[in-house]
Amino acid sequence: MAAQEQLSAIKRAKVLMVGAGGIGCELLKTLALSGFQDIHIIDMDTIEVSNLNRQFLFRQSHVGQSKAKVARDAVLRFRPNISITPYHANVKESRFNVDFFKEFDVVLNGLDNLDARRHVNRLCLAADIPLVESGTTGFLGQVTVHLKGKTECYECQPKPAPKTYPVCTITSTPSKFVHCIVWAKDLLFAKLFGDKNQENDLNVRSSDTANSSEHSEDVFECRKDEDIERYGRRIYDHVFGHNIEVALSNEETWKNRNKPRPIYSKDVLPEKQTKENGNKEKGCAADDVSAMVSLSLKNPQDIWSLVENSRVFLEALRLFFLKREKDIGNLTFDKDDQLAVEFVTAAANIRASSFGIPLHSLFEAKGIAGNIVHAVATTNAIIAGLIVIEAIKVLQKDNNNYRMTYCLEHPSRKLLLMPVEPYEPNRSCYVCSETPVSLEVNTQRSKLRDFVEKIIKAKLGMNFPLIMQGASILYEVGEDLEEDMVAIYAANLEKALSELPSPVTSGSVLTVEDLQQEFSCSINIKHREEFDEEKEPDGMLLSGWVEAPVDKDNNKPIGNDESTSNALPSGETLEGEKDDEIQETSEVVEAFTGKKRKLSEVSEVTAPDPSGPSSINQNKPKKLDIDDEADELIISDDWESLTKKKKL
Amino acid sequence: MDGEELTEQETALYDRQIRVWGADAQRRLSKSHILVCGLKGTVAEFCKNIVLAGVGSVTLVDDRVVTDESLPANFLILPHENHYNGKTLAEVCCDSLKEFNPMVDVAVETGDISTFGVEFFEKFDAVIISCCSLGKKKLINQKCRKLSKRVAFYTVECRGSCGEMFVDLQDYKYSKKKLEETIECQIEYPSFEEAISVPWRALPRRVSKLYFAMRVIEQFEDVEGRNPGETSIADRLGVLKLRKELCETNSLDESQIPDALLERLLTDTREFPPVCAIIGGILGQEVIKAISGKGDPLKNFFFFDAMDGKGLIEDISGPSTRS
């Protein structure tokens with residue numbers, strides 16, 4: 001790396017950063033200090049208080065403003081003469097197309113969700129621009145380099161999907177606290193405060209034939225002259241008492257399981273709550289309303305008793321109706337909504353109590369319900385440094401020296417920063433190697449709509465698909481479509497696959513494209529009659545598309561189960577929602593399971609690489625000789641678990 | 001901060017990191033006092049990290065006046081706003097650091113800390129020094145060790161694409177959870193002087209070459225009376241000669257300190273910002289661990305070389321302190 005050459009390459013370079021958050025701030029700073037002069041940065045978020053512990057370019061006074069813009073201004077203060085172009089926008093927008101990407105010499109990702117990463121990956125492949133990817137969680141981090149045709153693309157290796165739970169575990173047989181959180185958040189909270197028109201499984205399988213659906217609706221509606229206190233207790237008794245009794249009546253369910261116990265408000269809180277608490281709310285703005293404040297529960301790290309949880313439940317419910325009436329009916333759970341967090345914590349804890357599951361503090365519950373990723377500044381700084389080092393190599397086309405680097409919490413063979421050579425592209429990757437995938441589906445029952453939502457968008461990550469069979473277009477999305485075509489496509493969505501104008505049956509081959517990602521994929525269809533409701537709730541099975549096994553092992557410590565983005569496979573997509581940054585963690589964990597990746601022995605006494613002069617490794621399975629310690633990476637919100645040794 | 005509980009403000013601000021190391025650790029951090037001497041790029045990174053982490057106070061020492069030379073790797077120095085005009089590095093960095101976290105006390109101390117008495121150091125929980133001579137390193141380390149209170153001692157040096165960090169936690173006891181049990185751990189650290197006095201032939205066979213290379217340059221500066229970091233490629237011959245002597249004394253083969261490595265260190269004398277970020281980050285983590293008492297601290301050297309991309313720990317200690 002001759003200094004002058006390097007400096008010129010850096011000065012001339014045009015760099016795109018995607019993400020101006022934890023990694024982004026550190027990265028922008030380091031790029032600027034290293035001599036980069038033309039940086040573009042895309043980020044759709046605004047600044048929040050919880051960012052300030054690590055996103056050091058932002059101040060308290062910036063809360064609410066665009067991250068990309070504020071980051072730019074902050075860096076210009078110490079590097080006034082460079083060019084930084086901010087975009088307060090979603091990288092998935094159509095203006096960030098292949099031509100846009102082609103303008104850059106390298107793309108650097110500092111993202112927090114899988115969806116966006118896959119999107120950028122495809123655009124970089126289409127534009128043939130090098131991509132440096134990265135991720136951090138707590139003390140763990142990694143940097144990977146992706147060059148079309150030379151290394152794996154970001155999707156060559158399986159990336160774990162967000163964790164989902166079977167419906168009945170949530171509605172009837174929870175065994176872990178996270179199941180209670182999902183119930184409280186996605187069922188109860190949604191039922192009481194969310195969109196009434198949404199399907200809700202709250203009374204599924206817990207109502208007997210005597211309850212018609214209309215009767216269930218009545219239960220959750222507040223009656224005209226009903227006292228809020230009474231309403232609260234009625235709801236409490238219905239979900240924690242009545243519904244449990246109904247569940248208990250089904251003996252089968254409890255043959256091999258511990259029975260839950262019904263809980264009634266009169267037993268837990270015999271006397272009616274007094275109006276005293278009302279005085280504490282005077283002068284409270286609607287947003288600051290809090291059951292904890294009202295009840296003088298000061299410490300979010302305390303684990304409340306059943307009595308306290310019940311009080312919070314009733315008080316939070318009361319406060320929603322009294323102070324935030326206008327919100328009721330349009331609320332979705334937001335981790336920054338204090339009252340919502342209090343309600344969900346309390347509800348989850350009462351349910352947990354009923355099922356003999358340990359209770360949790362608000363702090364812990366919030367982390368689980370909000371999919372909060374724990375994060376510190378130091379790891380992001382380290383990763384940013386490593387990204388810039390790789391970026392400089394990319395600019396100098398230093399092909400033999402690219403590396404994936406893993407930042408470990410515990411050293412493996414003295415190494416805290418472990419470099420690994422990149423792999424060759426996966427020949428079976430459906431993204432960069434254009435290998436077809438296969439879909440098993442009941443072509444007579446499943447509709448095109450299901451196929452589009454659950455497979456094309458959710459699993460294959462395409463946002464604006466075009467679906468064809470041979471020369472027939474079955475479906476497409478676009479701005480300049482003719483009206484009659486739009487009508488045909490809309491009608492097609494509601495048809496079963498075998499009923500489509502160009503019928504899709506066993507043996508059909510569909511071609512799906514996303515024009516923006518310039519990505520195309522072939523799907524071989526195979527008809528299958530039956531699907532397991534529990535294991536294959538979508539009624540469709542995609543194979544050849546590599547997905548990492550989602551951990552179903554019930555013995556793992558709680559730390560590993562906290563990614564609950566969309567717990568119920570109800571067909572809602574995760575678009576626009578920040579999903580689990582725990583995935584990056586899983587990727588790092590992946591690296592050390594010994595199953596998927598290879599770690600070269602990096603010391604001087606390595607035997608010569610049998611693959612020849614190229615330093616890019618073949619995908620041959622090789623015996624891993626890393627310490628057991630490296631397998632210890634357990635990701636947890638709980639510090640103690642971080643030091644637990646556990647084999648994966 | 002009043003009382004034992006974290007304030008609401010702290011809980012909100014530190015939420016994401018409390019989820020990493022816990023509220024207890026955060027409380028301990030908020031009561032800690034850090035002394036930092038030698039404000040180049042790596043140390044600037046480190047200071048940013050610990051201020052964000054929420055330590056109680058950071059005291060900065062660096063009386064050098066800001067010049068254009070100091071700008072490159074130090075993002076705490078703002079060229080425009082009359083930020084430096086005869087101000088010292090410490091003063092300029094102080095102003096910038098305060099902005100990162102108003103809850104942390106950032107202050108400047110003037111003077112040469114090697115002349116300060118032992119009682120000065122007693123105020124601190126950790127002392128970090130950089131850009132100083134071998135003699136000064138040893139001296140400050142000794143002052144830290146003389147106290148009845150344990151004062152953690154760290155040094156960092158970055159040259160071009162390489163960086164070195166040293167840790168001395170003296171006699172360090174901490175506890176950690178291992179499979180439901182709490183176990184007590186104890187690590188004994190040698191002082192800097194003790195560590196570098198360990199005969200080279202007594203060290204494990206595959207010790208990082210960077211360790212030796214840094215010692216050669218360190219010795220050269222000491223013997224020639226150079227200011228730290230001033231040795232350059234012009235001194236190549238002198239440095240190679242010294243290497244030969246040291247290797248002979250230590251019965252170490254000269255190939256263990258390759259020409260290419262020494263030349264790199266002599267050519268790229270300025271700090272390389274990505275390496276500053278990396279070393280500053282590792283240092284930050286280590287100080288946080290030592291103060292909070294949570295996590296296995298590293299013992300006792302950390303090296304990074306952008307050339308091979310490895311960040312590795314070397315245990316350079318005599319038989320009595322070998323873990």
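**Entry 1: chain A against chain B**

I began with the interface of chain A and chain B, where about 5,400 Å² is buried. Carbon and sulfur atoms give 62% of that area. Buried area here is the accessible area (1.4 Å probe) that two parts lose on being put together, summed over both.

I noted the ground rules. This is a predicted model, in which local features need pLDDT of at least 70 and side-chain atom pairs count only at pLDDT 80 or more, while totals for chains, interfaces and linings use all residues. Residues are numbered from 1 along each chain as its sequence is written, chains are lettered from A in the order in which they are written, and side-chain values use heavy atoms, with hydrogens and water left out.

Next I looked up the contact (heavy atoms within 4.5 Å). The contact takes 63 residues from chain A and 58 residues from chain B.

I then checked salt bridges (a side-chain nitrogen of Lys or Arg within 4 Å of a carboxyl oxygen of Asp or Glu). The rule finds 5 across the interface of chain A and chain B. I looked at Glu314(B) with Lys414(A), whose closest N and O atoms are 3.0 Å apart.

Which element gives the largest share of the side of chain A that touches chain B? I found H15(A), with 10 residues. Helices (H or I, at least four residues) and strands (E, at least two) are DSSP runs, numbered from the N terminus.

**Entry 2: domain 1 against domain 3, chain A**

I turned to the domains, whose bounds come from an automatic or database domain assignment. Chain A has domain 1 (1-160 + 374-420), domain 2 (167-205 + 220-271 + 287-370) and domain 3 (437-543). The centres of domain 1 and domain 3 of chain A, taken over C-alpha atoms, are 35 Å apart. Their contact takes 10 residues from domain 1 and 11 residues from domain 3.

The area buried between these two domains is about 860 Å², with 42% from carbon and sulfur atoms. On the domain 1 side, Arg118(A), His119(A) and Arg122(A) lose the most area, together 54% of what that side buries. How many salt bridges did I find across this interface? The rule finds 0. Helix H5 (residues 114-127) of chain A gives the most to the domain 1 side, with 5 residues.

**Entry 3: an aromatic pair**

Last, I looked at rings of Phe, Tyr and Trp (its six-membered ring), which pair if their centres lie within 6.5 Å; planes under 30 degrees apart count as stacked, over 60 as edge-to-face and the rest as tilted. The count is 38 aromatic pairs over all chains. I picked Tyr87(A) and Phe100(A), an edge-to-face pair at 5.7 Å centre to centre and 85° between the planes. Tyr87(A) lies in strand E3 and Phe100(A) in helix H4, so the pair ties together parts that are 13 residues apart in sequence.
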